[in-house]
Amino acid sequence: MPTNAAVASRRVCLVSRCELCASSVELDSHLFLDCPFSLRLWQRFTDILIVHWPSPVSIDDFFLWGKRKARVVPIKDAWTVGMIIMMYCIWLECNHRRFDGIALEVDKVFSGFLTSMKKLSWSFTTPVSSIIDLCCARRLDIPIIPNPTRVMLEVRWHCPSPGWVKLNVDGCSLGNPGRTGAGGVLRDHRATHISAFSVFLSNLTNYEVEFRAIFIGLLRAKDLGITHLWVECDSKAVVDALNAKSIPLFVTQQWMGLQPFLDSIS
Ligand SMILES: [Zn+2]
């Protein structure tokens with residue numbers, strides 16, 4: 001934006017003065033972040049979304065902070081759009097004062113900010129999912145997007161027959177591919193715990209980690225000398241691949257190593 005500092009950097013001589021507080025040079029960081037006038041606006045906005053204003057030292061810092069906060073604030077859309085609209089409102093007020101000689105109070109500028117937020121709220125997609133979200137939406141006077149009703153899926157665990165052991169495994173990849181973890185539990189026909197495991201596994205896909213979870217469980221069953229084993233996992237792709245004996249390359253070696261054990265058990 002052509003603030004006085006930006007214009008001066010192009011070798012244009014001018015007297016730089018903040019139009020909002022008249023007590024400082026108009027640097028980008030002052031105008032949008034440090035100016036007492038702008039600060040009051042930011043504090044009103046951040047108070048609504050229950051965020052502590054950190055006094056960022058530069059515009060870059062400000063956007064980095066805003067990006068981090070977007071993960072935790074109520075109504076993410078209102079936060080990201082609100083940051084841009086607030087900067088626009090500050091810039092607009094600065095130019096009204098400079099070119100039109102019209103100066104609005106903080107209340108009036110903030111009211112204009114809320115009106116702009118309301119006009120743009122049609123594009124918000126974040127549903128209101130908590131009381132805090134609801135309170136923030138009311139204070140910003142933006143429409144409430146209802147949270148879609150979740151369908152409840154009942155999942156039951158069935159005991160194995162006497163003499164059998166059941167192995168339940170699951171794997172998860174944060175990002176797919178991303179950081180992964182696998183876990184499993186072995187239980188008898190009375191659902192009594194026999195053994196369990198949980199491990200962190202580097203960067204893998206969901207498919208890979210589900211396979212690895214099964215193989216870790218099978219190795220545990222082998223070590224325990226189990227002879228009748230029922231394996232259950234929630235990945236249809238993995239179950240289909242195992243039933244079709246279509247073993248991916250990344251677990252072929254483990255699969256071959258387990259063959260004598262798998263051939264010996266029911
Ligand atoms: Zn100022």
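Biologist: Which domains does the protein chain have, and how do you know where they end?
Modeller: The assignment gives domain 1 (4–140) and domain 2 (165–264). Those bounds come from an automatic or database domain assignment. The C-alpha centres of domain 1 and domain 2 lie 52 Å apart.

Biologist: What should I keep in mind about the numbers?
Modeller: Residues are counted from 1 along each chain as its sequence is written. This is a predicted model, where local features need pLDDT of at least 70, side-chain atom pairs count only at pLDDT 80 or more, and totals for chains, interfaces and linings use all residues.

Biologist: How do you know that the span of helix α8 agrees with what a helix should have?
Modeller: Helices are DSSP runs of H or I with at least four residues, strands are runs of E with at least two, and both are numbered from the N terminus. The expected span is 1.5 Å times one less than the number of residues. For the 18 residues of α8 (206–223) that gives 26 Å, and the end C-alpha atoms are 26 Å apart, so the two agree.

Biologist: And helix α3?
Modeller: α3 (36–48) has 13 residues and reaches 19 Å from its first C-alpha to its last, close to the expected 18 Å.

Biologist: Why is Asp141 called exposed?
Modeller: A residue is buried if 20 or more other C-beta atoms lie within 10 Å of its own, exposed if 12 or fewer, and partly exposed in between, with C-beta atoms placed from the backbone. Asp141 has 11 others within 10 Å, so it is exposed. Asp141 sits in the loop between α7 (131–140) and β1.

Biologist: What about Lys245, buried or exposed?
Modeller: With 7 other C-beta atoms within 10 Å, Lys245 is exposed. Lys245 lies in the loop between α9 and α10.

Biologist: What makes the phi of these two worth a look?
Modeller: Most residues other than glycine have a negative phi. Yet phi of Asp141 is positive, near 60 degrees, and phi of Lys245 is positive too, near 55 degrees.

Biologist: How do you know that the buried residues of α3 are on the same side?
Modeller: They are Phe37, Ser38, Leu41, Trp42, Phe45 and Ile48. They cover an arc of only 130 degrees around the axis, so they sit on the same side of α3. That arc is taken from the directions from the helix axis to the C-beta atoms. The face turned away from the buried side carries the exposed residues Pro36 and Asp47.

Biologist: What makes a nonpolar core?
Modeller: It's a set of buried Ala, Val, Leu, Ile, Met, Phe, Trp, Tyr and Cys residues joined through C-beta atoms within 7 Å. The largest one here has 32 residues, and Leu31, Ala78, Met86, Ile90 and Leu140 have the most contacts inside it. Its largest share, eight residues, comes from α5. Apart from it lies another core of 16 residues, among them Val165 and Val209.

Biologist: Why do you say that β1 and β2 pair?
Modeller: Two strands pair if DSSP finds at least two bridges between them. Nine bridges join β1 to β2, which run antiparallel. Leu174, for one, has Arg179 in β2 as its bridge partner.

Biologist: And β1 with β4, parallel or antiparallel?
Modeller: Parallel, with five bridges joining them. The partner of Lys166 in β4 is Trp230.
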